[in-house]
Amino acid sequence: MRIAVAGATGNIGALTVAALDRGGHDVVRVSRSLGVDLSTGEGLDDALTGVEAVVDVTNSPAADRAGTVAYFHAATGNLLAAERRAGVRHHVLLSIAGVDRVEGNAHYAGKREQERLVSAGPVPWTIVPAAQFHDFAAMVASWAERDGVATVAPLLVQPIAPADVADVLAEIVTGEPQGRYVDVVGPEPQDLVDMARRTNEARGHRVKLVPSWSAAFGPEMAGDVLLPGENARIAPTTFDEWLARQR
């Protein structure tokens, strides 16, 4: 199949491209750095010529709620419109497990806008809600690190390896549209603070971690809010297995 990956130069995008390449598909990489701007639609029609299916793993450059929602609204709207013109038969969106259970987070608000547009849009679709990735904890700590100290929200998550997410997306995009897919998660729950500590140790990065709620990750995300719903799909790679590859 000829399949486009929007957000192809990001971490999940690059892994998804690689997974599709291994499957023998003709992959079109869509990214602003490659001359296609989703926020304006520039280059989209040319990029989607002959494309049968699209995987959208794009992220927003904005940090605030209004900016994030506005970006996803424009980018997703432009992408879906171009897909309709090109005759694309399947749009696959990577979303977040539990996205409807968290109100205050800007990124979650943007993903809900994406889901709204996709589910009401002109292209048959599958939405894949995935858990936080195994590298998420250390990334969150890096955002907050100042003078060797970082605050990390004590979230309970069931993280998934980025490569496992890419494999699931590559599998789903080559099949028929399924509507809202089940939550896709890793094998076991983890504490975000402990994940950050262990990842930094494996990478040889010294930083003091302080458990703390913040504006981005408030108490509304405590407890089992971020854990998967019933009948979740469990990906194979454990956090320990992923961590062993970071050393």
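## Ground rules

Two residues are in contact when heavy atoms of theirs lie within 4.5 Å. Helices (H or I, at least four residues) and strands (E, at least two) are DSSP runs, numbered from the N terminus.

This is a predicted model, where local features need pLDDT of at least 70, side-chain atom pairs count only at pLDDT 80 or more, and totals for chains, interfaces and linings use all residues. Residues are numbered from 1 along each chain as its sequence is written, and side-chain values use heavy atoms, without hydrogens and water.

Two packed helices are described by the angle between their axes and the distance between the axes. Axes are lines fitted to C-alpha atoms, for helices over the stretch in contact, and angles run from 0 to 180 degrees between N-to-C directions.

Helix H3 spans residues 65-86, and helix H4 spans residues 106-119. Their axes come within 8 Å and cross at roughly 25°. That makes H3 roughly parallel to H4 (angles under 35 degrees count as roughly parallel, over 145 as roughly antiparallel, 65 to 115 as roughly perpendicular and the rest as oblique). Among the residues that meet are Phe 72 and Leu 80 in H3, and Arg 112 and Leu 117 in H4. By class, this contact of H3 with H4 has seven nonpolar, seven polar and five charged residues. Ala, Val, Leu, Ile, Met, Phe, Trp, Tyr, Cys and Pro count as nonpolar, Asp, Glu, Lys and Arg as charged, and the others, Gly among them, as polar.

## H1 and H6

Helix H1 (residues 11-22) and helix H6 (residues 162-173) have axes that come within 8 Å and cross at roughly 55°. H1 and H6 are therefore oblique to each other. H1 brings residues including Ile 12 and Leu 15 to the contact, and H6 brings residues including Val 165 and Leu 169. The contact of H1 with H6 has 11 nonpolar, two polar and two charged residues.

## H5 and H7

H5 and helix H7 (residues 192-202) pack at an angle of about 90°, with their axes 8 Å apart. H5 and H7 are therefore roughly perpendicular to each other. Phe 136, Ala 137, Ala 138 and Ala 141 in H5 meet Leu 192, Met 195, Ala 196, Thr 199 and Asn 200 in H7. Seven of the residues in this contact of H5 with H7 are nonpolar, two are polar and none is charged.
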